[in-house]
Amino acid sequence: MTVRALAACAAVACAAVLAVPGVAAAGPAVRAQPKLNPAFRQSTPDYTVRCAASRKLHLTIDPPHGTRVAVGDGAARKGHFEVSLPLAPGEGTTLRFLSGDRTRTYGVRCLPSDFPRWTVTLRGKRQAGWYMLTPNNFKYDPRYVTIVDSHGVPVWWIRRKPAPFDVHLLPDGDLAWAPFAANTTGAGAFEVFSLAGRRRGSYRTVGWITNQHDLQVQPDGSAYLITYRPREHVDLSRWGGPSDAIVLDGEIQQVDRDGHLLWHWSTKKHLAVSESGRWLDVVIHKNKPIPLPDGRPSYDLVHMNSVEPFGSKLVFSARHEDAVYEIDRPSGKVLWKLGGRHTSKSLKIRGGLDPRNFGGNHDARVRDGGRVVTLYDNGSLRSRPPRALEFRIDRRKRTATLVRDIRFPPARDSICCGSARVLPGGNWVIGWGHIPWVTEQRPDGTPVFELHFADPEWSSYRAVPVLRGELSRGALRRGMDAMAP
């Protein structure tokens, strides 16, 4: 059955049922005011409510026969009882249902008034345990990083200014994100925080401003980052631009945990200006030049937006090339190019897909030792819907065979942003770019999870899935408790 979970609620009474395994509930077990979302169910462990410090959460509890219920630190009680809790935004409580030697614990937490509103539709079994989002309407105002469970319930969040843009779960369990930055060369740094909201440090590039589009922290603590480094005296007159222009090259850096530069690679010597193809007209004539810190205008010809190191190689996505590239890290050579304007490095695409029809792609990732590449193809300025694509790469034959093309009918336009990740079980988690949808879909494209932001101006730069076992619900709850007033 389809379950709709609204992550926004009014202060009205709600009657819902909570069942405990092995115990048959006779009528409603819990009534709440203001309304809890979603409705209580045995399978749903966490809930939210919109409340304020001046308004209490009132619970009316009628446990099934033989079951006791403890609210927060209170004693477990039998029979009908009521309790009022003065929860402020961010604060939470627990409901523990005890039946014999079995205990089931449910969390209830108060959402801030400015927390984004969304609806969730569940249509089948989800393979992701969690979804990490940075809901934003592309403004610098305070916004949230949030971790949402597979029922669509936000279990953890933190509010930061400027708005968080791109969140990552690090190998040690901390989180890192960059702040939103519009029409600039970069955001400054990726800040690292514990689940308890304590700042742990930061990751930043060396010699120029850290770009906000990706961070890949390795098990040894080193990190791969992106910077858009300016290059002067570039002749763009052939495309109607200045004859003495400043362009931004995409540069990848690997830095150690102390911030020292270990390795770097730049598009400067490897990608010709002409590879920007149709984006040259957009960047030179339609987009505003990007101001450098000293105010001089620059042109973003590459717009590198993801990096994925594996073994001795690395794959990156370049929006303004409409292409994905693989490079050999020791030599710096470009090994192949997927999509965009044809070059000597271009792979031949098999499977009925025009390699010149990519549109501002994002989030290129690899599996199976680099033999499988996935990406989110926005379809930017192509007059077609976005899609998630999967290719099988054959380096010897220099081919890329289209394996899968995932669509979502409500996603009709995606000018920027977005992500597409394949889970070990085969499902896809897709952030549909600058539109208000996040989905988990089966390999045949059937949605099992649909999150839709109520405000069409809201979206999440990426939707990052986290597998069950990689995050602890208890740790998320304790982190929220540590940050509560």
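In the hairpin formed by β36 and β37, five residues lie between the strands, and G445 takes a positive phi near 95°. Strand β36 also takes part in a second hairpin, with β35, which again has five residues between its strands. The model described here is predicted.

- Strand β36 spans residues 437–441, and five of its five residues are buried, so the strand is largely enclosed by the rest of the structure.
- In a regular strand the side chains alternate between the two faces of the sheet.
- From β36, W437, T439 and Q441 point one way, while V438 and E440 point the other way, and all of them are buried.
- On one side, β36 is joined by four bridges to strand β35 (residues 428–431), and the two run antiparallel.
- Within this pairing, G431 stands opposite V438 of β36.
- The turn of the β35–β36 hairpin contains G433, whose phi is positive at about 75°.
- β36 also pairs with strand β37 (residues 447–453), in the antiparallel sense and over five bridges.
- Here Q441 is found opposite P447 of β37.

**A five-stranded open sheet**

- Five strands form an open sheet with mixed pairing, in the order β29-β33-β32-β31-β30.
- β29 (348–350) and β30 (362–367) stand at the edges with a single partner strand each, so one side of each is left without a neighbour in the sheet.
- From one strand to the next, the twist averages 30°.
- Inside this order, strand β32 (residues 387–394) and strand β33 (residues 399–406) are paired in the antiparallel sense over seven bridges.
- The bridge partner of F391 is L402, which belongs to β33.

**Salt bridges**

- The structure holds 33 salt bridges.
- One of them joins R473 to D46, whose closest N and O atoms are 2.6 Å apart.
- This pair links distant parts of the chain, since R473 belongs to helix α2 (residues 473–483) and D46 to strand β4 (residues 46–50), 427 residues apart.
- D46 is buried, with a relative accessible area of 6%.
- Another salt bridge is formed by the side chains of D214 and R365, at 3.0 Å from N to O.
- D214 lies in strand β19 (residues 210–217) and R365 in strand β30, so the pair ties together parts that are 151 residues apart in sequence.
- Both partners are buried: D214 has a relative accessible area of 0%, and R365 has 6% relative accessibility.
- D214 and R365 also belong to a network of salt bridges that links them with D166, E308, D363, R421 and R462.
- A further salt bridge brings together the side chains of R392 and D368, at 2.7 Å from N to O.
- R392 is in strand β32 and D368 is in the loop between β30 and β31 (372–377), and the two are 24 residues apart.
- Both count as partly exposed, R392 with a relative accessible area of 37% and D368 at 38% relative accessibility.

**The disulfide and other cysteines**

- A disulfide is a covalent bond between the sulfur atoms of two cysteines.
- The structure holds one disulfide.
- This disulfide joins C51 to C110, with an S to S distance of 1.8 Å.
- C51 is in the loop between β4 and β5 (57–61), whereas C110 is in strand β9 (residues 102–111), so that distant parts of the chain, 59 residues apart, are linked.
- C51 is buried, with a relative accessible area of 7%, and C110 is buried as well, at 0%.
- Two other cysteines are also buried: C416 at 16% relative accessibility and C417 with a relative accessible area of 4%.

**Cavities**

- Rolling a probe the size of a water molecule over the atoms shows where empty space is left.
- The count comes to four cavities of 30 Å³ or more.
- The largest cavity has a volume of about 70 Å³.
- Residues lining the largest cavity include R231, D249, K268, L301 and E321.

**A residue in helix α1**

- D281 is placed in helix α1 (residues 279–286) and counts as partly exposed at 36% relative accessibility.
- D281 and K139 are 142 residues apart in sequence and 26 Å apart in space, C-alpha to C-alpha.

How values were computed
Residues numbered from 1 in each chain as written. Predicted model: local features only at pLDDT ≥ 70, side-chain atom pairs only at ≥ 80, totals over all residues. Heavy atoms only, no water. Pairing = 2+ DSSP bridges. Axes fitted to C-alpha atoms, helices over the stretch in contact; angles between N-to-C directions. Salt bridge = Lys/Arg side-chain N within 4 Å of Asp/Glu carboxyl O. Buried < 20%, exposed > 50% of the residue type's maximum accessible area, 1.4 Å probe, protein only. Disulfide = S-S within 2.5 Å. 1 Å grid on protein atoms, 1.4 Å probe; cavity = no way out; pocket = protein on both sides within 12 Å on 5 of 7 lines; lining within 4 Å. Points joined across faces, edges and corners; volume = space filled by probe spheres on them.
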